Amino acid sequence: GSAIGAFTVSPVEVSDNEDVWPSYASMGGNATEGEGRTVIDIAAHTNHNLRAVENAAMTPQYDSGGFNGSSGATPVITGAASLFREFYANTYGSGIDDPARLYVNLLLMGDGMSDLDATPPDYNHAGYSGRLGAGILRLRSFDSAGLDAPAQWKTGSTCVGDSLAVNVDLNGGNVLPAGVDYIKATTWWYDHGHDNSPGAGHDKYTLQLQRLNGSIWTNYRTDASEDNKQRVFYDSVASPPGSGEWRLRITGADVSSDGEGCGTNSNRVHWAVLFEENDRDDDATLNTYVRPEPED
């Protein structure tokens, strides 16, 4: 699971209508395991009461219990990934055939939950949890039917060299529409050196969410972790996201890759970003099936 190209899943159970950590939940990420990465990418529910059995002719066709742990959670993510891949291919084209494009968008769909034991649960506004990764997956369709307007979703990739920065403008460099409640973004990158030279570490970046205040770009969220993926989330409590121009800034903090198609000391960083209203009031379908993002 600590291979840098793996998408690693952690399980979450439901007990008395609440999400809880099972005692066997996956954990990962320290100086030696994953070279400082959190390892866990996302979480999904497990210990399903009903599961399909191999022989459809059996009676009953469904069996209760016995399908728990990451063995139960991983098929949830795999199925969700397959559904999202089909949606993307039908709506936007073949870019989803790059696994990194799929990974970064699955990360974007995490709810950010970091601590199930807290009351209420804690959520990360920057970075990932060593137990839940990006949080619990909330599968989305990034189109007009699946987003709560005003909203915009963008995804892509860019080469970023060591000590250099690349900006990704939100809303084409214009002020965000009135009514936007939150912004969240994720990045993910692969470093062949992590696999080829154990102990050599991996390329590191810093992800910042910035707003233009007058003539100065101000940081509102920063993820400068040691991961090979990063995440920022900002909601409207402190300052409405819709009140100024916003951008993502990806900066090479320690980049030594040469073989990623980006030149010397440069790597390709895949990114996804979403801004959206959070009321889920566009129609009954959105209100029924799409949970609001957890805010402060």
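Throughout these legends, a residue is termed buried under 20% relative accessible area, exposed over 50%, and partly exposed in between (1.4 Å probe, protein chains only). The structure is a predicted model, in which local features need pLDDT of at least 70 and side-chain atom pairs count only at pLDDT 80 or more, while totals for chains, interfaces and linings use all residues. Residues are numbered from 1 along each chain as its sequence is written, and side-chain values use heavy atoms, with hydrogens and water left out.

**View 1. The disulfide of Cys159 and Cys262.**
The sulfur atoms of Cys159 and Cys262 lie 2.1 Å apart and form a disulfide, a term for a pair of cysteine sulfur atoms within 2.5 Å. By this rule the structure has one disulfide. The torsion about the S-S bond of Cys159 and Cys262 is about -70°, so the disulfide is left-handed. Because Cys159 belongs to strand β8 (residues 151–161) and Cys262 to the loop between β14 (246–254) and β15, the pair ties together parts that are 103 residues apart in sequence. Helices (H or I, at least four residues) and strands (E, at least two) are DSSP runs, numbered from the N terminus. Cys159 is partly exposed, at 28% relative accessibility, whereas Cys262 is buried, at 15%.

**View 2. The salt bridge of Asp97 and Arg85.**
A salt bridge is a side-chain nitrogen of Lys or Arg within 4 Å of a carboxyl oxygen of Asp or Glu; the structure holds nine salt bridges. In the bridge between Asp97 and Arg85, the closest N and O atoms are 2.6 Å apart. This pair links distant parts of the chain, with Asp97 in the loop between α1 (69–91) and α2 (99–108) and Arg85 in helix α1, 12 residues apart. Asp97 is partly exposed, at 47% relative accessibility, and Arg85 is partly exposed, at 40%.

**View 3. The salt-bridge network of Arg140, Asp148, Glu276 and Arg280.**
Salt bridges link these four residues, Arg140, Asp148, Glu276 and Arg280, in a network. Within this view, the side chains of Asp148 and Arg280 meet at 3.6 Å, N to O. Asp148 lies in the loop between β7 (122–123) and β8, and Arg280 in the loop between β15 and α4, so that distant parts of the chain, 132 residues apart, are linked. Asp148 is buried, with a relative accessible area of 0%, and Arg280 is buried, with 2%.

**View 4. The salt bridge of Lys204 and Glu226.**
The side chains of Lys204 and Glu226 form a salt bridge at 3.8 Å, N to O. Distant parts of the chain are linked by this pair: Lys204 is in strand β11 (residues 204–213) and Glu226 in the loop between β12 (216–223) and β13 (229–235), 22 residues apart. Lys204 is buried, at 15% relative accessible area, whereas Glu226 is partly exposed, at 43%.

Ser239 and Tyr220 are 19 residues apart in sequence, and their C-alpha atoms are 9.5 Å apart in space.

**View 5. The loop position of Asp283.**
Asp283 is placed in the loop between β15 (266–276) and α4 (284–289). At 38% relative accessibility, Asp283 is partly exposed.
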